[in-house]
Amino acid sequence: MLVLSFRDLAASRAGAVTPGVMLSLGGAIGPAFDWNDPASLRDRLRSGAATYVGDQQTRAQLSGKSLCFLIHGFNVNRDRGYAGLGALAQELLGLGPSPVPGGVDGPPAAGADLVIPVLWPGDWWLPGVNYPFELADAHETAQRFAEFLAGPALRAASLSFVTHSMGARVALETLAQARWAAPTDALVLTAPAVDDDALDDPRYAPAVAAVRRIMVVSSVKDSVLRDAFPLGDRVEAALWRGEHSSSRALGAFGPRLKPGSPAAAKLRWFPIGPGDDYGHGDYVPGPWKTDEQPNGWTPKRARVGGFLRSAFSGGALQPIWPPEQPPG
């Protein structure tokens with residue numbers, strides 16, 4: 001499995017943004033792989049269980065492939081990022097069965113040859129308080145990510161992105177700087193921590209234009225986005241030039257589009273019903289392993305995994321959950 005990092009790997013949290021480096025976790029990813037032994041990605045690199053992949057080797061592995069990048073959100077440190085997204089990539093790559101009945105067992109998701117976790121330093125240095133200040137890291141990561149996608153190391157057949165929370169900002173800003181030849185198929189935003197009118201934001205117009213399909217998964221029971229996001233959004237708008245605040249998160253209330261919005265024709269919205277009671281942490285596998293929850297797959301997260309598998313099945317979205325609604 002490959003992991004793409006834009007963070008200082010020497011720091012477990014609150015590290016610096018770095019140019020993109022590709023890592024390999026080796027060929028041992030499978031049903032018996034333990035994402036927590038050892039827990040540290042730095043320890044894996046020191047022991048040789050993980051290795052750096054050079055530009056030439058990266059080019060050879062990515063050339064002609066359909067790539068799906070997984071991007072975590074705010075308050076995710078180095079090791080939780082690679083373990084949580086790694087477990088998700090494992091399932092989507094068909095490298096190990098989900099232990100949860102009705103989960104995402106099956107062959108690799110059609111339409112994605114490689115599923116690659118992406119690490120960036122979007123974690124806290126004061127719990128929750130520094131959220132409005134993380135925009136600088138999101139901006140710089142997006143710039144570095146766009147440079148990587150435009151560079152000689154990448155000659156992919158197609159690109160797709162799956163994000164959680166503030167990872168939506170990284171993906172949208174990366175796509176807005178699109179300068180590469182590979183077509184962008186899908187942008188899947190789960191619990192996106194962006195304004196509900198973000199898809200009509202002029203800054204993201206190139207991103208909307210670049211992608212063929214946009215999918216938004218939201219939950220009104222997400223208390224982080226419903227209750228905490230409005231204050232952080234307003235503070236962020238006050239701190240950063242060009243930012244505005246709708247005080248309503250796309251990941252809680254769904255998309256709000258203008259009449260004639262360019263996003264309307266390619267956007268699909270999948271709101272999770274209040275009865276399912278999905279919170280902000282119920283989307284990505286947690287980086288822990290117990291007898292009851294191997295690889296962090298709770299029943300809620302397994303349903304999201306099943307949704308993501310359907311998102312890439314044959315290049316056409318055919319979800320059985322959650323029910324689709326027209327965007328507002």
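The model is predicted, so local features rest on pLDDT of at least 70 and side-chain atom pairs on pLDDT 80 or more, while totals for chains, interfaces and linings use all residues. Residues are numbered from 1 along each chain as its sequence is written, and side-chain values use heavy atoms, with hydrogens and water left out.

The secondary structure of the chain amounts to nine helices and nine strands; these are DSSP runs numbered from the N terminus, with helices (H or I) of at least four residues and strands (E) of at least two. Of the 328 residues, 55% count as buried, where buried means under 20% relative accessible area, exposed means over 50% and partly exposed lies in between (1.4 Å probe, protein chains only). A contact is taken as heavy atoms within 4.5 Å. Among contacts in the chain with a separation of 6 or more, 77% are made by residues 24 or more positions apart.

The strands come together in an open sheet of nine strands with mixed pairing, in the order E3-E2-E1-E5-E4-E6-E7-E8-E9. Two strands pair if DSSP finds at least two bridges between them. The edges are formed by strand E3 (51-53) and strand E9 (267-272), each of which pairs on one side only. Neighbouring strands of this sheet are turned by 25° against each other on average, direction ignored. Axes here are lines fitted to C-alpha atoms, for helices over the stretch in contact, and angles run from 0 to 180 degrees between N-to-C directions.

Five of the six residues of E5 are buried, and the strand is mostly covered. On one hand, E5 pairs with strand E1 (residues 2-7) in the parallel sense over two bridges, with Val118 of E5 as the bridge partner of Leu4. On the other, E5 runs parallel to strand E4 (residues 66-71), and five bridges join these two strands; here Ile116 of E5 is the bridge partner of Phe69. Helix H3 (residues 78-92) lies across E1, E4 and E5, running at about 170° to E5.

H3 also meets helix H9 (residues 299-311): their axes come within 10 Å and cross at roughly 50°. The two helices are therefore oblique to each other, given that angles under 35 degrees count as roughly parallel, over 145 as roughly antiparallel, 65 to 115 as roughly perpendicular and the rest as oblique. H3 passes H9 in a right-handed crossing; a crossing is right-handed if the near helix is turned clockwise from the far one by less than a right angle, and left-handed if anticlockwise. Leu88, Glu91 and Leu92 of H3 meet Gly305, Leu308 and Arg309 of H9. By class, this contact of H3 with H9 has three nonpolar, one polar and two charged residues. In this scheme Ala, Val, Leu, Ile, Met, Phe, Trp, Tyr, Cys and Pro are nonpolar, Asp, Glu, Lys and Arg are charged, and the others, Gly among them, are polar.

From H4 the contact draws on Leu135, Ala138, His139, Thr141, Ala142, Phe145, Ala146 and Leu149, and from H5 on Arg169, Val170, Glu173 and Thr174. Seven of these residues are nonpolar, three polar and two charged. H5 itself is mostly covered, with nine of its 10 residues buried; the buried set includes Arg169 and Glu173.

Thr163, in strand E6 (residues 158-164), is buried, with a relative accessible area of 1%. Leaving aside neighbours within four places in sequence, Thr163 is in contact with Ile71, Ala168, Ala171, Val188, Leu189 and Thr190. Gly64 lies in the loop between helix H2 (55-62) and E4. The C-alpha atoms of Gly64 and Ala156 are separated by 4.7 Å, although these residues are 92 apart along the chain. With neighbours within four places again left aside, Gly64 is in contact with Asp113, Arg155, Ala156 and Ala157.
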